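Dear colleague,

I am passing on the structure we spoke of, with the sequence beside it, and below it you will find my notes on what turned up. Please read them with the model open.

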Amino acid sequence: MRAVRWHGKKDVRVDNVPDPEIVNPRDAIIRVTSTAICGSDLHLYDGMIPSMQAGDILGHEFMGEVVALGKGVTNLRIGDRVVVPFTIACGQCFFCEKTLTSLCDNSNPADNQDIAEAMMGHSPSGLFGYSHMLGGYAGGQAELVRVPFADTGCFKVPAHLTDDQVLFLSDILPTGWMAAENAEIEKGDTVAVWGAGPVGQFAIRSAFLLGAERVIAIDHRPGRLALAAEAGAETIDFEDVDVMAALAETTGGNGPDRCIDAVGMEAHGLAIDNIQDRAKQAIGIGTDRPHVLRQAIVACRKGGTISMPGVYGGLLDNLPMGAFVNKGLTLKTGQTHVHRYMQPLLERIEAGDIKPDVIISHRLSLSEAPGAYDDFLNKQDEFTKVVMQP
């Protein structure tokens with residue numbers, strides 16, 4: 001089969017590889033019908049995530065048709081059309097029973113858990129196509145993919161909904177929703193969202209559905225800000241406007257009630273602290289560029305909440321923890337517990353509350369993946385979301 005494989009920093013290729021096979025009784029093999037490039041895949045493309053190995057198959061947003069099942073999978077049939085969460089969960093451990101599926105104790109194999117525990121103290125769940133620290137699983141940017149714990153992970157979707165309508169249940173739609181939920185939005189709140197990429201777009205729409213009166217989108221790409229405005233958000237272009245002054249002015253000096261960092265470890269812009277972060281990264285003494293998180297802490301109103309769906313990978317320097325403590329802020333974060341949100345968000349899609357396909361900017365073939373990665377990284381105003389058909 002053909003698959004998109006990582007060969008090093010900014011080196012992604014479409015290669016012929018052996019077909020996946022059933023390994024465990026709870027496995028399924030899925031023939032992929034749609035797969036997408038996620039913003040967090042660009043962290044891999046940029047070489048920011050440790051423990052990748054040349055030849056790893058990428059992709060954690062995918063859906064398709066069941067073509068093979070292990071003997072232990074009794075709730076699926078050959079031919080079922082399914083969406084697969086990017087977080088892999090056993091469904092039976094302490095964390096899965098609490099629907100904290102991104103913290104599953106059993107889906108990251110023991111050898112890889114050692115790497116994660118050395119870096120983080122404890123291992124989260126395994127992820128598709130996202131480093132050996134997080135499982136070393138082959139991803140779904142391929143013609144076929146093996147899904148472990150398929151009886152828990154494969155979510156059947158109705159025939160009357162298109163792939164474009166349900167594909168993003170695999171990651172970014174639940175991620176945007178959980179970001180808004182983690183922000184603890186109350187009716188009438190003002191919510192600031194840094195980053196108008198795919199997760200930010202869904203966080204904006206989710207914030208309104210959860211009761212926000214105003215949502216302010218912060219980015220520097222006109223196309224993405226225009227898409228945010230279509231959802232009802234006010235917009236700030238950080239290249240033209242002093243973000244901190246603008247947020248203070250528009251909230252009467254109080255600051256936004258809730259702040260969402262949908263940017264993470266690779267903040268853009270020429271702020272002095274971000275330039276310093278870039279310099280540290282360049283000489284290997286820094287891992288992340290947390291400019292947005294610093295701004296969110298300082299901008300947020302006293303007693304407010306910061307939600308952080310943006311991915312961070314290492315150690316964060318110079319966070320204003322004095323402001324965080326003395327303002328009594330709350331910070332909530334984590335990989336998304338995708339399984340928890342799939343059914344309720346499917347119902348919102350069917351009801352027309354959310355239209356996930358509005359963020360799709362390009363539909364390409366799998367063979368175009370190398371160029372798509374480069375364009376998604378370097379033409380982000382034009383490339384909002386890339387969906388590929390194998």
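Two strands are said to pair here if DSSP finds at least two bridges between them. Please keep in mind throughout that this is a predicted model.

With that criterion in hand, strand S3 (residues 28–37) and strand S18 (residues 386–389) run antiparallel and are joined by 3 bridges, and within S3 it is Ala36 that stands opposite Val387 in S18. Strand S18 also pairs with strand S17 (residues 362–365), this time in the parallel sense and through 4 bridges, with Leu364 standing opposite Met388 of S18.

Turning to the open sheet, there are 6 strands with parallel pairing, and their order is S13-S12-S11-S14-S15-S16. Strand S13 (234–237) and strand S16 (330–333) stand at the edges, and because each has a single partner strand, one side of each is left without a neighbour in the sheet. From one strand to the next, the twist averages 20°. Strand S11 (residues 190–194) is paired with strand S14 (residues 258–261) over 4 bridges, in the parallel sense, and Val191 is placed opposite Arg258 in S14. Helix H8 (residues 222–230) packs on this sheet, where it touches strand S12 (214–219) and S13, and the direction of H8 makes about 170° with that of S12.

Thr251 lies in the loop between helix H9 (243–250) and S14. Is Thr251 buried or exposed? With a relative accessible area of 12%, Thr251 falls under the 20% limit and is therefore buried. If neighbours within four places in sequence are left aside, the residues in contact with Thr251 are Thr190 and Pro256.

The last item concerns the surface, where Ile115, Met119 and Met120 form a nonpolar patch whose accessible area comes to about 270 Å² together. Met120, one of these residues, belongs to helix H3 (residues 110–120).

Notes. Residues are numbered from 1 along each chain as its sequence is written. This is a predicted model: local features need pLDDT of at least 70, side-chain atom pairs count only at pLDDT 80 or more; totals for chains, interfaces and linings use all residues. Side-chain values use heavy atoms; hydrogens and water are left out. Helices (H or I, at least four residues) and strands (E, at least two) are DSSP runs, numbered from the N terminus. Axes are lines fitted to C-alpha atoms, for helices over the stretch in contact, and angles run from 0 to 180 degrees between N-to-C directions. Contact means heavy atoms within 4.5 Å. Buried means under 20% relative accessible area, exposed over 50%, partly exposed in between (1.4 Å probe, protein chains only). Patches are made of residues with over 30% relative accessible area and no salt bridge: like charges are joined within 9 Å, nonpolar side chains (Val, Leu, Ile, Met, Phe, Trp, Tyr) within 5 Å. Accessible areas come from the Shrake-Rupley method with a 1.4 Å probe; for residues, only the protein chains shown count as cover. A salt bridge is a side-chain nitrogen of Lys or Arg within 4 Å of a carboxyl oxygen of Asp or Glu.
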